[in-house]
Amino acid sequence: MERNNLYPIFLKTNNLKVLIVGGGYVAEEKLTFLLKSSPDANVTMVSPMFREGTIAVADTGNVNRITDNYNIDYLKGHHIVIATTDLPEINVEIYRDCRAQDKLVNVADNPPYCDFYMGGIVTKGNVKVAISTNGKSPTTAKRLRQFFEDVIPENIDDLVKNLNVYRKTIKGDFEQKVEKLNEFTKGLVEKL
C-alpha cells in the first residue's frame with residue numbers, strides 16, 4: 001500500500017524569503033494561497049508580465065514584483081522558490097538551479113520537481129490544520145479543507161488560549177505536565 005511519507009512543517013514565512021517565478025494564473029493561485037495562510041510572508045515575484053489579478057493579490061501583501069525574465073541571480077537570498085512559468089524547460093532549469101544551491105523548490109503541477117507541496121490549509125485563530133494528498137489530488141485536499149472548516153468550531157481559538165493559560169499553572173516536570181494536559185484534553189475530540 002502506498003503511503004504519504006511527507007514531513008509536515010509550519011514555516012515562519014515572515015523570517016524567510018520566498019521567490020515566485022511567473023506572473024500568470026498559477027502564480028496568482030500560489031501567491032493567494034501563501035498570503036491567505038501567511039499574510040506577513042516576504043515574497044518576490046519575477047516575470048516578464050503580470051496578470052491584473054496577480055498584481056491585485058500582490059498589492060495586498062509584502063510582495064516585490066520584478067518585471068524580467070528568470071535568471072539564476074534571482075535565487076540569491078531566497079530560501080523557498082515556486083516555479084509557475086508556462087515554459088516547462090524554464091521550470092526544470094529553476095529546479096536544477098535550486099537543487100544546486102540547496103534551496104527548497106516547488107515546480108507547480110510537476111511533482112517530480114518538488115521538494116514540497118502546497119496542500120489544503122484550515123486556519124481558525126491559532127489552530128492550523130494542513131492537508132496533503134502527496135501531490136496526487138489537490139481537489140481532494142480542497143474538499144477535506146472544506147470539511148474541516150465546517151467541523152472545527154469557530155471558538156477553538158478560545159479553547160487553545162485557555163489551555164495555554166492552564167498549562168502555565170501546572171506544577172511538576174515536563175512528563176507530569178504532559179500527563180495532566182493529556183488527561184485534561186482527553187474529551188476534546190468528543191466535544192468537537
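This is a predicted model: local features need pLDDT of at least 70, side-chain atom pairs count only at pLDDT 80 or more; totals for chains, interfaces and linings use all residues.

Colleague: How many salt bridges does the structure hold?

Modeller: Seven. Among them is the one between the side chains of Glu2 and Lys136.

Colleague: What makes Glu2 and Lys136 a salt bridge?

Modeller: The rule asks for a side-chain nitrogen of Lys or Arg within 4 Å of a carboxyl oxygen of Asp or Glu. For Glu2 and Lys136 the N to O distance is 3.3 Å, so the pair passes. Glu2 is in the segment before strand S1 (17–21) and Lys136 in the loop between strand S7 (127–131) and helix H4 (138–151), 134 residues apart. Those helices and strands are DSSP runs (helices H or I, at least four residues; strands E, at least two), numbered from the N terminus.

Colleague: Why is Glu2 called exposed?

Modeller: Exposed means over 50% relative accessible area, buried under 20%, and partly exposed in between (1.4 Å probe, protein chains only). Glu2 has 58%, so the label is exposed. Lys136, at 57%, is exposed as well.

Colleague: How do you know that Asp115 forms a salt bridge with Arg99?

Modeller: The closest N and O atoms of Asp115 and Arg99 are 2.9 Å apart, so they fall within the 4 Å limit. Asp115 counts as partly exposed at 30%, and Arg99 counts as partly exposed at 34%.

Colleague: Where do Arg145 and Glu149 lie?

Modeller: Both are in helix H4, four residues apart, which is about one turn of the helix. Arg145 has 18% relative accessibility, so it counts as buried, whereas Glu149 has 27% and counts as partly exposed.

Colleague: Why is the pair of Tyr95 and Tyr113 called edge-to-face?

Modeller: Rings of Phe, Tyr and Trp (its six-membered ring) pair if their centres lie within 6.5 Å; planes under 30 degrees apart count as stacked, over 60 as edge-to-face and the rest as tilted. The centres of Tyr95 and Tyr113 are 4.9 Å apart and the planes are at 80°, so the pair is edge-to-face. Tyr95 lies in helix H3 and Tyr113 in the loop between S5 and S6, so the pair ties together parts that are 18 residues apart in sequence. Tyr95 is buried at 18%, and Tyr113 counts as partly exposed at 24%. Phe147 and Phe148 also form an edge-to-face pair, with 5.2 Å centre to centre and 70° between the planes.

Colleague: What makes you say that the charged end of Arg65 sits over the ring of Phe50?

Modeller: That label needs NZ of Lys or CZ of Arg within 6 Å of the ring centre and within 35 degrees of the ring normal. The charged end of Arg65 is 5.7 Å from the centre of the Phe50 ring and sits over it.

Colleague: Is Ser38 buried or exposed?

Modeller: Ser38 has a relative accessible area of 12%, so the label is buried. Ser38 is found in the loop between helix H1 (25–37) and strand S2 (42–47).

Key. Residues are numbered from 1 along each chain as its sequence is written. Side-chain values use heavy atoms; hydrogens and water are left out.
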